[in-house]
Protein chains: 2
Amino acid sequence: MDFQSVFPVWKKLSAMQQKQILGSLILKNVKKGTLIHNGNTDCTGLLLIKSGQLRAYILSDEGREITIYRLFDMDMCLFSASCMLNSIQFEISIEAEKDSDLWVIPAEIYKNIMKESASIANYTNELMASRFSDVMWLIEQIMWKSLDKRVAAFLLEESSIEGTDKLSITHEIIANHLGTHREVITRMLRYFQSEGMVKLSRGAVIILEKEKLEKLQHA
Amino acid sequence: MDFQSVFPVWKKLSAMQQKQILGSLILKNVKKGTLIHNGNTDCTGLLLIKSGQLRAYILSDEGREITIYRLFDMDMCLFSASCMLNSIQFEISIEAEKDSDLWVIPAEIYKNIMKESASIANYTNELMASRFSDVMWLIEQIMWKSLDKRVAAFLLEESSIEGTDKLSITHEIIANHLGTHREVITRMLRYFQSEGMVKLSRGAVIILEKEKLEKLQHA
């Protein structure tokens, strides 16, 4: 699998632009837990995920977190190059949730090509619109869904990503995804356990009744 | 004041593109309270506000509202043409908060020009990034700020927009801006009144101590 076959608008680039990208492209291996992009303090560049999993989140002044979106194989990470766009006035952090192989296009190179290529600029528009949709979905979740439904949805999402009903995840990590406190998650999971939906053990949540969680999620 | 002098990237358009826009441009007058764009059911086109004020908001299944951002003179409204971008997977509603004069560029015309013009596509990128920043700010408010601070911030914003300390606004409207219930706002405003920050009367909130509200907002 090479970059050219995965980058969505490769064929719409001129030979010169293709050369510029290939000449500056870096393949980067990052370990699970690595902070790839830290607010506005750096401008890593555009990331194309060859394999792995990234999480974009924001931080409160008190250090609380909430996951904004997650990215998987073949996804493109735009906000790691947020310096490209003047109008981006927020700070996002991006970390590797799994060991990941990332293609990095330096922000300067991409920005210059975007300036001259309508195709790339329009592709970038669509990318941003996708992330915008993720964020609007999140607002709806936060505003109109109670936390029990959000926890149920998160456990089901994790189970689907990992392909298992035994989730190796701490209450702290779930709290950081959902923007709440560990204690609140612990209480909620204990309630789920008392209802027979999950079983809790050290550092793991085992899903026992997927149907009940699904029903709760959509209630 | 004519469209050409206000549209930000006018000079970067070709003579042909300028002609296309001018040939299809509509100047629309809408009354306060008019629903200009209703979720995904229509694709009004790009709006440039000649004068007036718009509010973009989302609706829950139960009919609750929350304001996503507001637009003023010379602002451009992108999501009234959300059909232009395939990746927009959310429904936004836009209403006139004041009588407004709007220039409307039909979505089809703008989309075709954006396809061929890197300048317009990049301009659209910056527009979307601005709205993205508004939405990220909103998430931070919802997640990390208590409602008393959000109400204080909203009253100060309204006072600044209207240029007066006497706000003709109902508790219901404030609730719809902030995504909460009328009763919750009434309770909060009564608390503000008991602290001497505001005075409540029928259909109006009078700000008595701006400094106290500012202090609360940033506490």
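Tutor: We'll go through the interface, the symmetry, one serine and some salt bridges. Before that, some housekeeping: this is a predicted model, where local features need pLDDT of at least 70 and side-chain atom pairs count only at pLDDT 80 or more, while totals for chains, interfaces and linings use all residues. Residues are numbered from 1 along each chain as its sequence is written, chains are lettered from A and ligands numbered from 1 in the order in which they are written, and side-chain values use heavy atoms, with hydrogens and water left out.

Student: How many residues of chain B are in contact with chain A?

Tutor: Contact means heavy atoms within 4.5 Å. Here, 42 residues of chain B are in contact with 42 residues of chain A.

Student: And what is the area buried between the two chains?

Tutor: The size of an interface is often given as the accessible area lost when the parts come together. Buried area is what two parts lose that way, with a 1.4 Å probe and summed over both. Between chain B and chain A it is about 3,500 Å², and carbon and sulfur atoms give 71% of that.

Student: Which elements of chain B supply the side that touches chain A?

Tutor: Helices (DSSP H or I, at least four residues) and strands (E, at least two) are numbered from the N terminus. On chain B, β4 (54-59), β5 (65-71), α3 (107-116) and α4 (118-144) each supply at least two residues of that side. The most comes from α4(B), with 20 residues. By class, the side has 24 nonpolar, 11 polar and 7 charged residues. For those classes, Ala, Val, Leu, Ile, Met, Phe, Trp, Tyr, Cys and Pro are nonpolar, Asp, Glu, Lys and Arg are charged, and the others, Gly among them, are polar.

Student: What rotation superposes chain B on chain A?

Tutor: Copies are superposed by least squares on C-alpha atoms of residues with pLDDT of at least 70 in both. In this model, a rotation of 180° with 0.0 Å of shift along its axis does it, RMSD 0.0 Å. That is the relation of a two-fold axis. Of chain B's residues, B:A118 comes closest to the rotation axis, at 1.9 Å (C-alpha). Also, 100% of the interface residues of chain B are interface residues in chain A too, so the copies meet through the same surface.

Student: Is A:S82 buried or exposed?

Tutor: Buried means under 20% relative accessible area, exposed over 50%, and partly exposed in between (1.4 Å probe, protein chains only). A:S82 has 8% relative accessibility, so it counts as buried. It lies in the loop between β6 (76-77) and β7 (93-96) of chain A. Leaving out residues up to four places away in sequence, A:S82 touches A:H37, A:N40, A:C43 and A:I88.

Student: Which residue forms a salt bridge with A:K210?

Tutor: A:K210 pairs with A:D165, their closest N and O atoms being 3.1 Å apart. This links distant parts of the chain: A:K210 is in helix α8 (residues 210-218) and A:D165 in the loop between α5 (147-162) and β9 (166-167), 45 residues apart. A:K210 is partly exposed at 29%, and A:D165 is partly exposed at 33%. In chain B, the side chains of B:K210 and B:D165 meet in a salt bridge at 3.2 Å, N to O.

How values were computed
Salt bridge = Lys/Arg side-chain N within 4 Å of Asp/Glu carboxyl O.
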